[in-house]
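Here is a report for a reader meeting this structure for the first time. Please look over the sequence and the model before reading on.

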Amino acid sequence: MAYDVNAIRKHFPALAEGAAHFDGPGGSQVPDVVGEAVAGVLCSAIANRGTVTPAERRADGIVREARQAVADLLGAQAEGVVFGRSMTQVTYDFSRTLAKTWSPGDEVVVTRLDHDANIRPWVQAAQARGVTVRWADFDPATGVLPVEAVTSLLTDKTRLVAVTAASNLLGTRPDVAAITAKVREAGALSYVDGVHLTPHSTVDVDALGADFYACSVYKFLGPHLGLLAAAPALLETLQPDKLLPSSNAVPERFELGTLPYELLAGTAAAIDFLANLVPAEGTRREKLATSLAELEIHEGELLTRLDNGLAELPKVVRHGSPDRERTPTVLFSVTGHEPKAVYEHLAQHNVNAPAASFYALECSRHLGLGDAGAVRAGIAPYTTAAEVDRLVSAVAEL
């Protein structure tokens, strides 16, 4: 059952170029089986979904399998899985749909820890409806978003709370379950950004208490696609704008146009790959739990190695607290060097660790880093100890 990173790396053709990829938080590398699944669909007979021809049935089967794979990954219901071009697009769609039920005087809550994709859609939808936006701040010294920072803002006028399950900039993991429990007590809905959590941990949307849980397939070894999971009964209460002849069934009513069947096949393949990171028996959901638990151990060990290595370098300033629960993500600056210069220096050593605010603009500003942000190093399933050492050694040269 041991995690064999070298065996796993053999499935990633992109690694043959030799770069050490710490850019996974922005999009992971893709295993061979995912590329093969995408190509297989593109080279097969495919038509719009239906039950008459083999091409129609093939398309329908791909969609159903992708929904079930996502349901197994997230502990959700397949009938409540909605696909879209990206998490950003899906969130904009749902912000507009949910805002139809809001009135002037209502309130929504967003946090400064979040990626802008879980802030701006809600802020803009609120402005369009005359709804008040309330902001929850995190502690810039620790990177922690206290539960009370969110729950203290709840009133009987709150209609929705948008909160991240893990900061894509700092890796910080708020206590989402505690937050959503209070949100539900207040009679409001919760929209959880799971983009940065899903690649690194077993997710159970019911345990998290998320009414809506959104994430991105290309962050967990898959193709460029976004998705949302919610209870089908909740989706039934929502009426999005759609074309008149398109299906009004759930979840299809939320999916605009024809789905990208090849990307859905790649999604299922990516989830199957995650389920088989280590040998295990059981259902796909059970195998995912086993594999992701071992992945957390592997990534946790490398995170400690990276934290300790950077801590020994006097010029390095790490943002957020390394002692807090977080995904395997490190945000750091190097005194006397602009973030972009550090990024470029690392690239010369074939280490890919970019520098920016990574769309977590409010978070970067609240940290005092402005719009330029800092250098972010994220650990992925294919990261090795030697690559961590390579990154630290390269930073030490500055």
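## Terms and model

Buried means under 20% relative accessible area, exposed means over 50%, and partly exposed lies in between (1.4 Å probe, protein chains only). This is a predicted model: local features need pLDDT of at least 70, side-chain atom pairs count only at pLDDT 80 or more, and totals for chains, interfaces and linings use all residues. Residues are numbered from 1 along each chain as its sequence is written, and side-chain values use heavy atoms, with hydrogens and water left out.

## The annotated domain

An unreviewed UniProt entry places the feature "domain: Aminotransferase class V" at residues 22-391. UniProt positions follow the numbering used here, feature names are shortened, and annotations may be inferred rather than shown by experiment.

The end C-alpha atoms of residues 22-391 lie 9 Å apart. The span is 39% helix and 15% strand. Helices (H or I, at least four residues) and strands (E, at least two) are DSSP runs, numbered from the N terminus.

## Aromatic rings

The structure holds 7 aromatic pairs. Rings of Phe, Tyr and Trp (its six-membered ring) pair if their centres lie within 6.5 Å; planes under 30 degrees apart count as stacked, over 60 as edge-to-face and the rest as tilted. Tryptophan 102 and tryptophan 122 form a tilted pair, 6.4 Å centre to centre with 40° between the planes. Tryptophan 102 sits in the loop between helix H4 (87-99) and strand S3 (107-111), and tryptophan 122 in helix H5 (residues 120-129).

Tryptophan 122 is buried, at 0% relative accessible area. Tryptophan 102 is buried too, at 3%. Ring pairs link Phe94, Trp102, Trp122, Tyr191, Phe212 and Phe254 into a cluster.

## Nonpolar cores

A nonpolar core is a set of buried Ala, Val, Leu, Ile, Met, Phe, Trp, Tyr and Cys residues joined through side-chain atoms within 4.5 Å. The largest has 73 residues, and Leu74, Phe83 and Tyr213 have the most contacts inside it. Apart from it lies another core of 29 residues, among them Leu160, Val195, Ala230 and Leu238.

What does tyrosine 213 contact, leaving aside its neighbours within four places in sequence? Its partners include Leu74, Val192, Leu208 and Ala229. Contact means heavy atoms within 4.5 Å.

## Salt bridges

There are 26 salt bridges, each a side-chain nitrogen of Lys or Arg within 4 Å of a carboxyl oxygen of Asp or Glu. Glutamate 387 pairs with arginine 9, the closest N and O atoms being 3.2 Å apart. Glutamate 387 lies in helix H14 (residues 385-396) and arginine 9 in helix H1 (residues 5-9), so the pair ties together parts 378 residues apart in sequence. Glutamate 387 is buried, at 5% relative accessible area.

Arginine 49 bridges to glutamate 252, also with closest N and O atoms 3.2 Å apart. Arginine 49 is partly exposed at 27%, and glutamate 252 is partly exposed at 22%. Shared partners join Arg49, Asp60, Arg64, Arg67, Glu252 and Glu255 into one salt-bridge network.

## Helix H10

H10 has 15 residues and reaches 21 Å from its first C-alpha to its last. That is close to the expected 21 Å, taken as 1.5 Å times one less than the number of residues. Why is H10 largely enclosed by the rest of the structure? Because 12 of its 15 residues are buried.

Those buried residues include Tyr261, Ile271 and Phe273. The buried residues of H10 pack against H1, H2, H3, strand S2 (81-84) and helix H11 (284-311).
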